[in-house]
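Come along and look things up with me.

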Amino acid sequence: MTRVFSHLDALEAESIHIFREAAAQFRKPVLLYSIGKDSTVLLHLARKAFYPQKPPFPLLHVDTTWKFRDMIAFRDKTARELGLELLIHTNTAGAEKGVDPVRFAPSLYTDVMKTQALKQALDLHGFDAAFGGARRDEEASRAKERVFSFRSPGHRWEPRKQRPEMWRLLNGRLGTGESARVFPLSNWTERDVWRYLLREKLDVVPLYFAADRPTITRGGQILVLDDDRLPLAEGETVVTRRVRFRTLGCWPLTAAIESDAADIESVVAETLSARTSERQGRLIDHDQTGAMERKKQEGYF
Amino acid sequence: MAAGAGTGQAGMTMASDEARALAATLRDLDGIVRILTCGSVDDGKSTLIGRLLWEASDLPEDTRQGLIRQAGPDGIPDVSLLLDGLVAEREQGITIDIAWRYFDAGRRRFVVIDSPGHEQYTRNMASGASHADIAIMLVDARHGVKRQTRRHAAILDLVGVKRVVVAVNKMDLIDWSQSRFEEIAADFATITERFAFEEAVALPVSAKLGDNVAGRSAHTPWYAGETLLEIIDRAPSRIIESGSAFRFPVQTVLRGGTDFRGLAGTVASGVVRVGDPVFDGLSRRQANVRRIATMDGDLEQASAGQAVVVQLDTDLDVARGAVLSSPDAVPVVARAIEARLVWLADSPLDASHGLLLRTATDLVPLSSIAIRARLDLETLQETAVSSCSTNDIVIADLSLAQAVAVDRFADNREMGAFVLVDALTGATLAGGVIVTAAARSASEGNDAFVLTNEMLARGVCAGLASSDPEFRRRAQEVAIILRAAGVTVARDKGPGES
């Protein structure tokens, strides 16, 4: 059966092309697996790119110890079922110093437990390239990203020194001390990710679907309580709400939305008529002006 | 793929009929159109793109409301705020890098590639342009066509954009003058006729007010042409070159089970079917296609744009860099290339640096590069020069230390484009397109030092199979070092190596 080559077919083929280009040019790549829907699509595309081989690189999860329990369970199940090597890294020095998202500013917490942790893990294993699920449609500074994004020694991103990327030619030759981030989903939109999850019948973490969950409201945002580590402020009460997440991260920093969309079709439908941009749910991005750009320059993914 | 196949347990009760109806309409779109925007500083490019997004796309409501709240006393939202992203840019008030924006309209995806106006960042514009199906060039109605306009037209032509629109912007600031518009349109026509564009049109707009962007302007009754959205709407999606000769640049070799050895790649052009004979120009060997594999099942055929794994009936031992073609329409196996280049690096060409030519999937050292002429951006004539620096468009003769399989850019976009890479830093120095390609250059003598696999296997590549990518990488490094020391190096590959 010949299928029409649709825009999702084109995006899929482009992503597979990118995976193969990176695997052929970099010495030791790794796939940053963050468990969310974008990672799910990323991993699926990696499997397609190297079929009938398994992807020739491990998965790396930077575990802040504050991920939703459902995420961790999904992560372990995925790696086990697909028979893939899963590396888990936590910034233990940060964790021992008690850096958490409850008492520390989101920017500091993110820097220590995500940015620094990621750098530690990349350096520890000597990875010269890391695949990530970032999309250009997510946020203004990401709209300028290359597919192969180079980091100078110390993992710094220098927006003025990014290599030109022409046609489909992805130049993966590294200078001394350089490493690369590779973004196979660069040209996908949030809608494409959902469309693709639906089309390919992929499982995602149940947190993406509406359910009755214990919540509080703080700063105008709905937070779901995943365990008892978040002390309630005066006047805050736990209320059961029917909510879901558009994006997943550390649970005290990830806002939920009220929704009845309890299956993938309903979520896709809601996304189609979305009235707010996706990253509104990520509290760290509201921390300061140009927050994402600054985090990227410092080495955040 | 229609929705409705899911079996989410809660879905049976929770998804409303309305939601299901919506999801059912969420089919894949028919195609993708990439639109480049370019112009000089302050031509109002960000405003024009912002206006396109504002008029044509389904902006998130929070974004839309945010802009309405921030509007000045005149109540007109500053739609350019939808574009300028980086803090560094906001501080300088210029767009330093290409920004990608995505929206769906009708049955298609539109990608806006917003490229920088400042001359210093012309390389970013060239980079963005190479991805575009259509380009919108902005000209400020008060200033008319400038040097930068000519540069941009030349780059668009070089990288293969076939459709250009000149949007004469800020018409409101010149009282919608028809004579001024026609003067600019005529100036533009004298530029575009110099190049190989298939379509070049001019239209009068006000990006700030929206005139002739989505709706026809009451201020320009003398303009009978299309609005910008109408022009974009009829632009074809990326042309799938299924009609031209089959080309399959091999990206990597994949293995599975005990006997599966497949060549992974994206079909660059044409079609291949199971049973077709295919030819590898570098090794001059032929085989037949046994399987076209994907994780979703085997295919009977694969055409341009599809990423597949090709298994052959005899093991040609080809590796990354090889290009499979049909035996009766083969690419050129070239050692000498005449090319047009846009120089992207900050520093001028330094021929003493080791340079690498990166084609679709191959990477080979240059043994020499000679700049022959530069395009003068005032006259659009070529003038003889021997050097080139940032943003120059030049004609150059390249000699390669090792043969590559290529086509002329005019014949095959995927096979005729390349970048030049600094062997030491890895930087992308130039983008180029192949004008002519030949087996051997006239200047190439017989005095080249021949680096054989045997030599390499004795020392630096000891313990590696010659088919190992690491073998190949080390061989390239040795060639680069020798070349940097002034030795003309040729690689003599063993049988079976591509």
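These are my entries, grouped by topic.

**Entry 1: the whole of chain A**

I reminded myself at the start that this is a predicted model. I then looked up the make-up of chain A and found eight helices and eleven strands. Of the 301 residues in chain A, 63% are buried. I also checked the contacts in chain A with a separation of 6 or more: residues 24 or more positions apart account for 73% of them. For the surface, I noted that chain A exposes about 11,000 Å², with carbon and sulfur atoms supplying 51% of it.

**Entry 2: aromatic rings**

How many aromatic pairs are there over all chains? The count comes to 16. I picked F26(A) and F148(A), whose ring centres are 5.3 Å apart. Their planes stand at 55°, so I wrote the pair down as tilted; stacked would need under 30 degrees and edge-to-face over 60. The two residues are 122 residues apart and link distant parts of the chain. F26(A) is in the loop between α1 (7-25) and β1 (29-32) of chain A, while F148(A) is in strand β5 (residues 148-152). Buried or exposed, I wondered about F26(A)? F26(A) is buried, at 5% relative accessibility, and F148(A) is buried too, at 1%.

My next pair was F103(B) and F110(B), with ring centres 5.6 Å apart and planes at 20°, so this pair is stacked. Both F103(B) and F110(B) are buried.

**Entry 3: charges over rings**

I looked for charged ends sitting over rings. The charged end of K28(A) sits over the ring of F127(A), 5.3 Å from its centre. Another case involves both chains: the charged end of R136(A) sits over the ring of W100(B), 4.0 Å from its centre.

**Entry 4: a hairpin in chain B**

I followed strand β2 (residues 99-105) of chain B and saw that six of its seven residues are buried. Which strand did I find paired with β2(B)? The partner is strand β3 (residues 108-114) of chain B, in the antiparallel sense and over seven bridges. One bridge I traced runs from A99(B) to D114(B) in β3(B). The two strands form a hairpin with two residues between them, and G106(B) in the turn has a positive phi of about 60°.

**Entry 5: helix α7 of chain B**

Helix α7 (residues 147-159) of chain B has 13 residues. I took its reach from first C-alpha to last as 19 Å, close to the 18 Å expected at 1.5 Å a residue. Twelve of the 13 residues of α7(B) are buried, so the helix is largely enclosed by the rest of the structure. After α7(B) comes G160(B), whose phi is positive, near 100°.

**Entry 6: two residues and their neighbours**

I looked up H44(A) in helix α2 (residues 37-50) of chain A. H44(A) is buried, with a relative accessible area of 8%. What does H44(A) contact, leaving aside neighbours within four places in sequence? I listed Y196(A), E200(A), L202(A) and, from chain B, M295(B).

E198(B) is in the loop between α8 (178-192) and β6 (199-204) of chain B. E198(B) is exposed, with a relative accessible area of 56%. Not counting residues up to four places away in sequence, E198(B) touches K162(B) and R163(B). E198(B) and V164(B) are 34 residues apart in sequence, yet 8.4 Å apart from C-alpha to C-alpha.

Most residues other than glycine have a negative phi, and most peptide bonds are trans, so I went looking for exceptions. A cis peptide bond joins Y51(A) and P52(A), with omega about 5°. P52(A) is in the loop between α2 and β2 (59-62) of chain A.

W167(A) has a positive phi of about 50° although it is not a glycine. W167(A) is in the loop between β6 (156-157) and β7 (179-182), and is buried at 8% relative accessibility. K201(A) also has a positive phi, near 55°. K201(A) lies in the loop between α6 (190-199) and β8 (211-218), and at 53% relative accessibility K201(A) is exposed.

How values were computed: Residues numbered from 1 in each chain as written. Chains lettered and ligands numbered in written order. Predicted model: local features only at pLDDT ≥ 70, side-chain atom pairs only at ≥ 80, totals over all residues. Heavy atoms only, no water. Phe/Tyr/Trp six-rings, centres within 6.5 Å; stacked < 30°, edge-to-face > 60°. Helix = DSSP H or I, 4+ residues; strand = E, 2+ residues; numbered from the N terminus. Buried < 20%, exposed > 50% of the residue type's maximum accessible area, 1.4 Å probe, protein only. Lys NZ or Arg CZ within 6 Å of the ring centre and 35° of its normal. Contact = heavy atoms within 4.5 Å. Areas by Shrake-Rupley, 256 points an atom, 1.4 Å probe, with all protein chains shown as cover. Expected span 1.5 Å × (residues − 1). Pairing = 2+ DSSP bridges.
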